[in-house]
Amino acid sequence: MSENELCIRVACTLDKCYTDTIVDHINKAASDPANGICKRKRELIEDKILSGESIIAFSDSGEWAGFCYLHTWENGMFVSSCGLVIADGWRSYGIAQLIKEAIVELVKNKYPDSRLFGLTTSSAVMKINSKLGYNPVTYAAVTIDPEFWQSCKTCSNFPILQSKEYKNCLCTAMLYQPNKM
Ligand SMILES: CC(C)(COP(=O)(O)OP(=O)(O)OC[C@H]1O[C@@H](n2cnc3c(N)ncnc32)[C@H](O)[C@@H]1OP(=O)(O)O)[C@@H](O)C(=O)NCCC(=O)NCCS
């Protein structure tokens, strides 16, 4: 699957109709502890679509294929990419890689002074992040904003995070190198 056969772009008002589909996919993926993705509320996803803070992907026939959004922390010192999900029938076509590339471009445009990071247990996402120039770091190197860590509440591994006093968990934290942005 090449970029030419897909439409990968910043989501806009017209994409509001995909909110339920995206939320359903995220929440279904979150029910499998192997994925390490948290459930998300409908209002949050809709807000990310309407505010130009997300990337959406469609197949050449216009079928929704994937999504990922941004969230800023500590007054923009950090930006996280969150909620990456690819539609069941569109996995392993390289769409997650293309969405994450678009996320990096969006951050460069909107938040050029921020540090981009993500937390993941997914080997696919670790591979993608490494290719993009992210490096694995300790949790101390990413945001200390308590709201970020509270957003892990719906993850099945949250008790582990709490028992480690928010210093470690099953997810690997990865930071995009700011000098490359
Ligand atoms: C994880 C997920 C986003 C990957 O999306 P995808 O579009 O299938 O990934 P890509 O096709 O872009 O693959 C990227 C790389 O990961 C590899 N990969 C894909 N799925 C993989 C898997 N299940 N296990 C290991 N590696 C995998 C691919 O081979 C590719 O590597 P390559 O470039 O060396 O060939 C998708 O499976 C998904 O939506 N999962 C449920 C939600 C989730 O777990 N999100 C991640 C939250 S951090």
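**Ligand shell and the sheet behind it**

Around the ligand sit 21 residues, and L84, I86, S92, G94 and K131 come nearest (a residue is near if one of its heavy atoms lies within 4 Å). This is a predicted model, so local features need pLDDT of at least 70 and side-chain atom pairs count only at pLDDT 80 or more, while totals for chains, interfaces and linings use all residues. Numbering runs from 1 along each chain as its sequence is written, and side-chain values use heavy atoms, with hydrogens and water left out.

One from L84 lies 2.9 Å from a ligand nitrogen; one from S92 lies 2.6 Å from a ligand oxygen, and one from Q97 lies 3.0 Å from a ligand oxygen. The protein covers 71% of the 920 Å² of accessible area that the ligand has on its own (Shrake-Rupley, 1.4 Å probe).

Two or more shell residues each come from β4 (78–86), α3 (95–110) and α4 (123–132), with α4 giving the largest share, 6 residues. Helices (H or I, at least four residues) and strands (E, at least two) are DSSP runs, numbered from the N terminus.

As for the sheet, it is open, with 7 strands in the order β1-β2-β3-β4-β5-β7-β6 and mixed pairing (strands pair if DSSP finds at least two bridges between them). β4 and β5 (115–120) pair in the parallel sense over 3 bridges, and F78 has R115 as its bridge partner in β5. α4 packs on this sheet, touching β4, β5, β6 and β7 (172–176) (contact means heavy atoms within 4.5 Å).

Definitions and conventions: A polar contact is a pair of N or O atoms within 3.5 Å; within protein, one must be able to donate a hydrogen and the other to accept it, and residues adjacent in sequence count only if both atoms are side-chain atoms. Axes are lines fitted to C-alpha atoms, for helices over the stretch in contact, and angles run from 0 to 180 degrees between N-to-C directions.
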